[in-house]
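Reader: I am new to this structure. Please show me how to read a few of its features.

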Amino acid sequence: MHDEIAPGPTGAEQHAPQPPLAERRPLDIAAHGDRRTDDWAWLRDRDDPAVLAHLRAEQAYTEAVLAPTRPLQDRLFDEIRSRIVETDLSVPVAKDAWWYYQRTVKGLDYPLHCRVPRHGGADRDTPPVLVATAAGEPGPSGEQVLLDENALAAGSPYLALGDLAVSPGHGRLAYSTDTTGDERYTLRFHSLPEPGAAIGGTTGTGPGGNPGAGGSEPADPPEVIEGTSYGVAWADDDTVFYTRPDDANRPFQLWRHVVATDPSTDVLVHQEDDERFHLGVSRTKDGAYVLLELHSKVTSEVRALRCDDPCGPCTVVVPRRPGVECTVEHHTGTFLVLTNDGAENFRVMALPAARVPASPVGTASPVGTASSGSTVGTSAAGPGGDGGGAPLAWHQVVPERPGSRIDGLDVLAGHVVLHERVDGSARIRVLPLPPGPDPFASPLDEGWLVPCPDTPSTSWAGPNPEFASTVLRYEYSSLVAPRSVYDLDLATGQAVLRKQQQVLGGYDPAAYVSTRLWADAPDGTRIPVSVVRRSETPVDGTAPCLLYGYGAYEHSIDPVFSSIRLSLLDRGVVFAIAHVRGGGELGRRWYEQGKLAAKPNSFSDFVACADMLATSGWADGSRLVARGGSAGGLLVGAAMNLAPDRFRAVVAEVPFVDCLTTMLDDTLPLTVIERDEWGDPEADPGIYDAMRAYSPYDNVRDVRYPDVLATAGLEDPRVGFWEPAKWVQRLRAAHPDNRVLLHVELGAGHGGPTGRYDAWRDEARVIAFVLTAVGISS
């Protein structure tokens with residue numbers, strides 16, 4: 001098929017750019033009696049000058065090959081930009097005396113984080129209608145700019161905001177930034193003015209807020225805390241908890257800091273020495289507790305300390321027991337625990353705080369006094385842990401429901417809100433709480449689902465930070481319906497549309513058709529596929545198609561709208577999402593049937609979806625393109641080994657394609673914690689054999705492969721840049737006609753460029769590659 005559509009270079013093409021061929025330096029790797037030879041293992045050594053030189057050569061080659069598509073890329077970028085309201089703002093969110101929101105400004109890459117005072121009266125819960133303003137113009141009346149990411153990014157090609165948290169009294173801001181892409185953050189603090197002070201500033205000014213008329217800002221705390229990870233939680237207006245990563249970039253320490261004090265006096269509250277677990281921190285919505293959350297891929301432990309006693313004990317609420325997962329919230333003296341204990345698709349248990357044993361482990365220690373081994377507050381199983389000890393004093397308030405997976409739990413004063421998956425779609429369930437001092441004394445009523453008009457579609461909760469609210473902010477979208485923001489009156493069940501994503505240029509949803517199809521996997525399992533096309537695009541086997549997939553970590557790829565995608569649909573391309581096993585679309589079992597030794601199901605599912613699209617007339621089988629990123633890059637890499645003739649081209653972004661070698665090396669970031677997802681090929685010969693059979697890098701054959709556009713980030717801490725770099729070399733060596741490109745971001749990490757204009761340029765390049773591959777040049 002490929003020889004007919006895309007012949008190799010001949011005649012006039014003799015002077016075409018030539019791909020860089022890295023030197024072969026064979027390295028033998030042996031395990032379980034099997035020996036592999038890796039000719040390009042040396043590309044992992046970023047300290048070797050030849051490695052950086054090779055990556056630059058790859059980037060230069062990619063740019064040269066794609067140069068003929070540059071006019072198309074420019075047109076696509078202009079299209080993408082023309083549909084987006086560049087100067088815009090989000091629907092304000094209420095919290096105490098303030099309305100918080102973000103806004104964007106035409107010409108600026110990053111958002112501004114802002115607030116305006118909240119006034120009383122009948123309109124107290126109605127978001128103010130604010131007008132977005134251009135660069136250099138005053139913001140909305142009364143606005144305070146809390147943080148301008150554009151000012152933070154000045155002079156840096158990369159900026160990622162890790163955490164942004166306002167203190168309980170709204171007088172301080174904690175924020176963390178990463179300017180390299182390595183996901184190690186610098187934590188800073190900003191003092192916020194009172195209502196009526198420092199307002200009326202100019203859009204795009206200073207990093208922390210408005211310097212404008214109306215008053216002076218309080219001085220910022222001077223301290224800077226380097227080397228932090230994800231997770232910041234305020235206990236009170238002076239005390240904040242944050243996390244630090246270990247050498248493998250795993251968050252493993254919880255620290256306590258008092259604002260305006262020297263960070264060298266910070267206190268280490270907990271250190272997690274089990275490398276399978278990562279540590280997180282949050283604050284319960286009612287403000288009663290700071291939660292210390294410890295999660296592996298299959299096991300959880302949650303501890304709590306009182307916000308009114310931030311130096312007090314950190315008590316085990318739910319001890320770790322192998323295979324038992326949970327998340328926790330708190331409501332009127334009761335911990336609500338969402339767990340799979342006794343419920344494959346999760347249920348909700350109520351655990352009275354008064355019945356949690358006072359069993360802190362260890363005592364806090366100032367920085368510098370902890371040893372490197374078992375240290376301050378290290379984890380133990382605790383009561384009931386590892387199957388021993390006293391059982392938890394909890395009872396069920398929401399049972400597991402057939403056909404429904406409970407993905408998340410939220411609380412409001414009068415309601416519990418569940419985030420469910422019903423028939424593969426994300427839905428919201430509202431459970432009114434009964435009156436009385438203990439609303440969780442008995443099982444809760446079933447409640448009701450927030451309606452969604454389309455199938456396939458998805459709905460999700462927006463920000464709802466106010467515990468006492470009687471209004472639920474939620475959002476809705478489908479493949480044809482732009483994102484809409486609603487406020488749901490929980491007393492009446494009436495939803496008010498606050499904003500719908502505006503698509504400039506006259507978008508008409510009726511001009512597009514979306515539906516859900518089903519493909520039959522080799523083992524008979526039916527795989528859902530969400531598809532969208534223009535209504536006039538024929539279903540007769542002549543349309544090109546882009547098939548997207550992920551299929552790992554129980555992460556679901558929901559069918560949501562994208563204005564960028566219109567550049568494909570309007571050119572007659574069908575877009576499809578393969579909801580393969582390994583994702584979470586159809587519940588916990590769906591996930592478990594695509595992980596560990598069952599991982600190959602994900603790949604055969606993806607190929608089955610592609611075959612179904614081709615044989616049913618939804619796609620021209622000779623013009624099918626596959627796309628996936630990270631674990632989705634592994635998916636498309638393995639799928640093209642299974643069926644190299646099925647795909648015309650493949651887009652593999654930061655692909656996890658050398659998975660076997662990575663999972664054998666516990667010195668790499670995340671390897672140990674990832675073994676609960678992929679297995680441990682070092683300890684388990686069966687897992688080794690399974691991964692050996694599907695690893696894309698280890699199973700490249702001497703055949704003509706689809707054209708490939710791969711990407712890599714030099715600072716990527718999740719998928720090493722060398723994985724796609726090595727894979728590209730092996731694909732080129734496999735067949736002289738294989739055409740493989742590697743786009744390298746030398747100043748970014750796993751997610752690519754962070755500025756929105758650069759991200760749109762990236763997407764224009766990918767779409768141009770896809771369109772050119774399927775024979776569309778305009």
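**Reading strands, a helix and backbone angles**

Author: Glu554 lies in the loop between strand S35 (545-549) and helix H5 (566-569). Bear in mind that this is a predicted model.

Reader: Is Glu554 buried or exposed?

Author: Buried means under 20% relative accessible area. Glu554 has 16% relative accessibility, so Glu554 counts as buried.

Reader: What is the phi of Glu554?

Author: Start with the general idea. Most residues other than glycine have a negative phi. Now the case here. Glu554 has a phi near 60°, a positive value in a residue other than glycine.

Reader: Where is Thr332 found?

Author: Look in the loop between strand S20 (326-331) and strand S21 (334-339). Thr332 is not a glycine, and its phi is positive, near 45°. Its relative accessible area is 44%, which makes Thr332 partly exposed.

Reader: Now a helix. How many residues does helix H7 have, and what span does it reach?

Author: Helix H7 covers residues 600-615, which is 16 residues. From its first C-alpha to its last it reaches 23 Å. That is close to the 22 Å expected at 1.5 Å a residue.

Reader: Why is H7 described as largely enclosed by the rest of the structure?

Author: Because 12 of its 16 residues are buried. Among them are Phe603, Phe606, Val607, Met612 and Leu613. Asp605 and Cys609 are also on the list of buried residues.

Reader: What comes just after H7?

Author: Gly617, with a positive phi of about 95°.

Reader: On to strands. Which strands are joined to S5 by bridges?

Author: Take them in turn. Strand S3 (residues 88-89) is joined to S5 by 2 bridges, and the two run antiparallel. Strand S4 (residues 93-95) has 3 bridges to S5, again antiparallel. Strand S6 (residues 112-117) pairs with S5 over 6 bridges, in the antiparallel sense.

Reader: Which residues are bridge partners in S5?

Author: For Asp88, the partner in S5 is Thr104. For Ala94, the partner in S5 is Trp99. On the S6 side, Tyr100 stands opposite Arg115.

Reader: What do S4 and S5 form?

Author: A hairpin, with 2 residues between the strands. Asp96 sits in the turn and has a positive phi of about 55°.

Reader: How many residues of S5 are buried?

Author: Strand S5 (residues 98-104) has 7 residues, and 5 of them are buried, so S5 is largely enclosed by the rest of the structure.

Terms used: Residues are numbered from 1 along each chain as its sequence is written. This is a predicted model: local features need pLDDT of at least 70, side-chain atom pairs count only at pLDDT 80 or more; totals for chains, interfaces and linings use all residues. Side-chain values use heavy atoms; hydrogens and water are left out. Helices (H or I, at least four residues) and strands (E, at least two) are DSSP runs, numbered from the N terminus. Buried means under 20% relative accessible area, exposed over 50%, partly exposed in between (1.4 Å probe, protein chains only). The expected span of a helix is 1.5 Å times one less than its number of residues. Two strands pair if DSSP finds at least two bridges between them.
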